[in-house]
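Morning, everyone. I have one structure to walk through today. Please take a look at it first.

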Amino acid sequence: MSLTSQDIARIARLARLELGPQESERMLTQLNGFFDLVEKMRAVDTAGARPLAHPLDAVQDIPLRLREDVASEQVDRAANQRSAPAVERGLFLVPKVIE
């Protein structure tokens, strides 16, 4: 995939960016370089590769440290809302910001 100058102009217009000719050309080069890199990575055969749970998993065996999924503390709603300027029926009241 390769972008053209017209593609860059359209993207800039959609993003509401004002790009000068030099900026537009630099952006075109950078984006096309990115797409070239993506195409190179797609060309690599990853059929036999297993997903890694950790980046170092490829070079050493790292056991995952998993913990039990249990609640560790109780939430005291009344104590948490004590410092709030306005509360009603257990909910924080905030000023209306949209008219």
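Where is the place of H54? H54 sits in the loop between helix 2 and helix 3 (77–81). Helices here are DSSP runs of H or I with at least four residues, strands are runs of E with at least two, and both are numbered from the N terminus.

Two notes on the source. This is a predicted model, where local features need pLDDT of at least 70, side-chain atom pairs count only at pLDDT 80 or more, and totals for chains, interfaces and linings use all residues. Residues are numbered from 1 along each chain as its sequence is written, and side-chain values use heavy atoms, with hydrogens and water left out.

Back to H54. It counts as partly exposed, because its relative accessibility is 33%. The cut-offs: buried is under 20% relative accessible area, exposed is over 50%, and partly exposed is in between, with a 1.4 Å probe and protein chains only. H54 and L64 are 10 residues apart in sequence. In space, their C-alpha atoms are 8.7 Å apart.

Now helix 2. It has 23 residues, 21–43. How far should helix 2 span? At 1.5 Å a residue, the answer is 33 Å, and the end C-alpha atoms are 33 Å apart, so the two agree. The expected span is 1.5 Å times one less than the number of residues.

Which residues of helix 2 are buried? They are S24, L28 and N32. Helix 1 (5–14) is included in what covers them. Take S24. It has 17% relative accessibility, so it counts as buried. S24 touches I8 and L19, leaving out residues up to four places away in sequence. Contact means heavy atoms within 4.5 Å.

Next, charges. How many salt bridges does a search of the whole structure find? One. A salt bridge is a side-chain nitrogen of Lys or Arg within 4 Å of a carboxyl oxygen of Asp or Glu. Here the side chains of R42 and E39 meet, at 3.5 Å from N to O. Both lie in helix 2, three residues apart, about one turn of the helix. R42 is exposed, because its relative accessible area is 63%. E39 is partly exposed, because its relative accessibility is 36%.

Last stop, V94. It lies in the segment after strand 2 (91–92). V94 is exposed, because its relative accessible area is 68%.
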